[in-house]
Amino acid sequence: MATATQQLPETMFAWRKHRGNPEPVWEQVPLPVPTSTGVLVQLLASGVCRSDYHHLTREMQPKWFQEKWTLGHEGCGKIIKFGSPETEATSKFKVGDIVALHSVPGCGDSTCPECSRGLAQICQTGHHSGIGQDGYYAPYCAIDVRGLYRVPEGVSPAVAAVATDAVQTAYHAIVRRAEVKPHETVFLFGLGGLGWNALQVVRHIGARVIVSDVRQSRLDEAVKLGVPAEDVVPIGKSIPEFVEERGLHIDTTLDFVGVHQTFQDAQAIVRRGGKLLCVGSIDSENTVHMHVGTRKRLTFLFTYGGQHGDLDDVLDLIAKGVIQPQVETGRLEDFPRVLKDLTSGKIECRYALLQGEELEKVERAKAA
Ligand SMILES: [Zn+2]
Ligand SMILES: [Zn+2]
């Protein structure tokens, strides 16, 4: 029974972005206040994403980004209170429920050009948790009920947190954008935070997948998962040569890296009439070869986040063991070190920062 209102602090410490400052700032801020259609959530886990680094270091941002805001856009936590009795009465959730938090659930207005077309993830009106507005690297956050998703039994808060971006974005990219089909052969660049989950989605669909990564440990993991050794590009091998020597017809390239080399290679290896899915954007600009694109009649697809319903599908696939995200865990205080490790390739896959009862539980288990 979750009834008695717990004593809430008035302030909290959070990792914040200050405009013009590329380093995260550990700052004391007031406890967030939910809107009348929102809830206050006590965070249990927040996933660290490479885009946190881009948010800190790229100052060219949309004008609605705030001057100072709390970072973190992959969250899972416990509902502490509702913003109004009406919302509490009509919600399918209750105080004490553990929920996964969709960072960009949109405004939900029927006249919104994006939300009305099922594209809430690119709506500019709704709140964007941890993307230019307050997010999840803090003990508490406020979020609209539209952003709440039930966490199935057996799914940990760390996994539920990374499901909201690292898995959902990969799922949306493969299923809704690239529309990968069982008879196809696809080429996957990058087996990191998102690419690792993409690999499992593609294998679940049943398509053949050729994989490449710059880290041998990631290729070894792919083989352990069941990717045949002949479908792994050896490190240092030219990818166009690999594809040509084997006579492969790559229907779709799935680029979870987005550097000059992968973007070039994708255009070289994709079959005539093929598709190029762009997810990673490590290099902010890449070159399209116009003659290659027209002669081969290529389709370039870009993708961002996931649409309503995707996260339910994703959490269900995780609960069934179809997708097994790899997540290391640590403390919220460690965020700057974790981000450095992530950008220098020291983190194998994904990392979640734990808090509260979940941190205690995991630390007890580690000590035992
Ligand atoms: Zn992200
Ligand atoms: Zn909207």
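Reader: Which order do the strands of the open sheet of 5 strands follow?
Author: In this predicted model, the open sheet has the strand order β10-β9-β11-β12-β13, and the pairing is parallel. β10 (208-212) and β13 stand at the edges with a single partner strand each, so one side of each is left without a neighbour in the sheet. On average, and with direction ignored, neighbouring strands of this sheet are turned by 20 degrees against each other.

Reader: And how many bridges join β9 to β10?
Author: Strand β9, which covers residues 185-189, is joined to β10 by 5 bridges, the two running parallel, and V186 stands opposite V209 in β10.

Reader: Switching to the metal, what coordinates the zinc ion?
Author: The zinc ion (ligand 1) is coordinated by C49 through SG, H73 through NE2 and D165 through OD, at 1.9 to 2.2 Å, and along the chain these donors follow the spacing C-x23-H-x91-D. H73 lies in the loop between β4 (68-70) and β5 (74-82), whereas D165 lies in helix α3 (residues 157-177), so this pair ties together parts that are 92 residues apart in sequence.

Reader: Is H73 buried or exposed, and what about D165?
Author: H73 is buried, with a relative accessible area of 4%, and D165 is buried as well, at 12%.

Reader: Where does R297 sit, then?
Author: R297 is placed in the loop between α8 (290-295) and β13 (299-302), and R297 is exposed, with a relative accessible area of 57%. Leaving aside neighbours within four places in sequence, R297 is in contact with G273, G274 and V292.

Methods:
Residues are numbered from 1 along each chain as its sequence is written. Chains are lettered from A and ligands numbered from 1 in the order in which they are written. This is a predicted model: local features need pLDDT of at least 70, side-chain atom pairs count only at pLDDT 80 or more; totals for chains, interfaces and linings use all residues. Side-chain values use heavy atoms; hydrogens and water are left out. Donors are N, O and S atoms within 2.8 Å of the metal (3.2 Å for Na, K and Ca); water is not among the atoms, so sites may look incomplete. Helices (H or I, at least four residues) and strands (E, at least two) are DSSP runs, numbered from the N terminus. Buried means under 20% relative accessible area, exposed over 50%, partly exposed in between (1.4 Å probe, protein chains only). Contact means heavy atoms within 4.5 Å. Two strands pair if DSSP finds at least two bridges between them. Axes are lines fitted to C-alpha atoms, for helices over the stretch in contact, and angles run from 0 to 180 degrees between N-to-C directions.
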